[in-house]
Amino acid sequence: KAQGQDAISDVYPFNASSTRLFEHYVNDAEKILITGSEKDASAVGQYLADYAKSKNLTQKQAITALQPGTAIYWTMSEENVRSVLKDDISVIGSDGLPFDTHPHPRLWGTFPRVIGHYARDEKLFSLPQAINKITLKPAQFFQLDDRGVIRERAIADLVVFSPTEIAERATFVNPKQKAKGIKYVIVSGK
């Protein structure tokens with residue numbers, strides 16, 4: 001940005017990431033939750049350390065035994081998440097993996113968490129700033145001229161919610177939970 005490049009930072013409001021099962025994360029992650037495995041569906045929802053111990057394997061051996069698969073990795077600090085969320089160039093995205101049987105809670109809870117927890121409860125930024133980071137700012141960056149705004153002839157993607165009630169219910173243990181406080185979701189005017 002300092003050199004004249006248009007730049008944004010895409011962030012989700014959680015201190016854990018989600019991707020495929022990789023051995024190299026064993027050394028970097030505080031904990032690892034198995035969210036998918038084609039070879040052993042019973043592993044889904046278990047922490048890797050517990051699963052490995054139950055099978056008398058090292059964690060790296062357990063990953064090999066479970067691949068292909070997916071997991072949630074605790075590798076970030078809350079302080080860093082808050083710092084990136086607050087940054088002027090950040091936009092909010094869920095970046096979820098909807099095909100997992102046990103997805104990351106960001107798939108269901110990203111936007112309610114930003115509005116309810118970080119804007120309303122923590123006052124990390126204002127409600128208008130949160131809405132801007134979720135809607136207009138990413139639409140402008142990707143040159144989606146009729147998105148992220150409310151105006152005549154714009155594409156009507158709207159969420160009607162209660163600012164005092166909105167909250168994510170999705171958890172790492174039970175991620176497929178609808179948010180609290182959302183009254184209506186309108187996509188393309190429908």
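## Charges over rings

A charge sits over a ring if NZ of Lys or CZ of Arg is within 6 Å of the ring centre and within 35 degrees of the ring normal. In this predicted model, the charged end of Arg 113 sits over the ring of Phe 14, 4.9 Å from its centre. Arg 106 lies over the face of Tyr 12, at 4.3 Å from the ring centre.

## Basis

Residues are numbered from 1 along each chain as its sequence is written. Local features need pLDDT of at least 70, side-chain atom pairs count only at pLDDT 80 or more, totals for chains, interfaces and linings use all residues, and side-chain values use heavy atoms, without hydrogens and water.

## Aromatic pairs

The whole structure holds 6 aromatic pairs (ring centres of Phe, Tyr and Trp, its six-membered ring, within 6.5 Å; planes under 30 degrees apart are stacked, over 60 edge-to-face, the rest tilted). Phe 14 and Phe 172 form an edge-to-face pair, because their centres are 6.1 Å apart and their planes at 80 degrees. This pair links distant parts of the chain, 158 residues apart. Phe 14 is in the loop between strand S1 (9–11) and strand S2 (16–20). Phe 172 is in the loop between strand S6 (158–161) and strand S7 (182–186). Strands are DSSP runs (E, at least two residues), numbered from the N terminus. Both Phe 14 and Phe 172 are buried (under 20% relative accessible area; exposed is over 50%, partly exposed in between; 1.4 Å probe, protein chains only).

Phe 22 and Tyr 25 make a tilted pair, with centres 6.3 Å apart and planes at 40 degrees. Phe 22 is partly exposed at 32% relative accessibility. Tyr 25 is partly exposed at 23%.

Conventions:
Helices (H or I, at least four residues) and strands (E, at least two) are DSSP runs, numbered from the N terminus.
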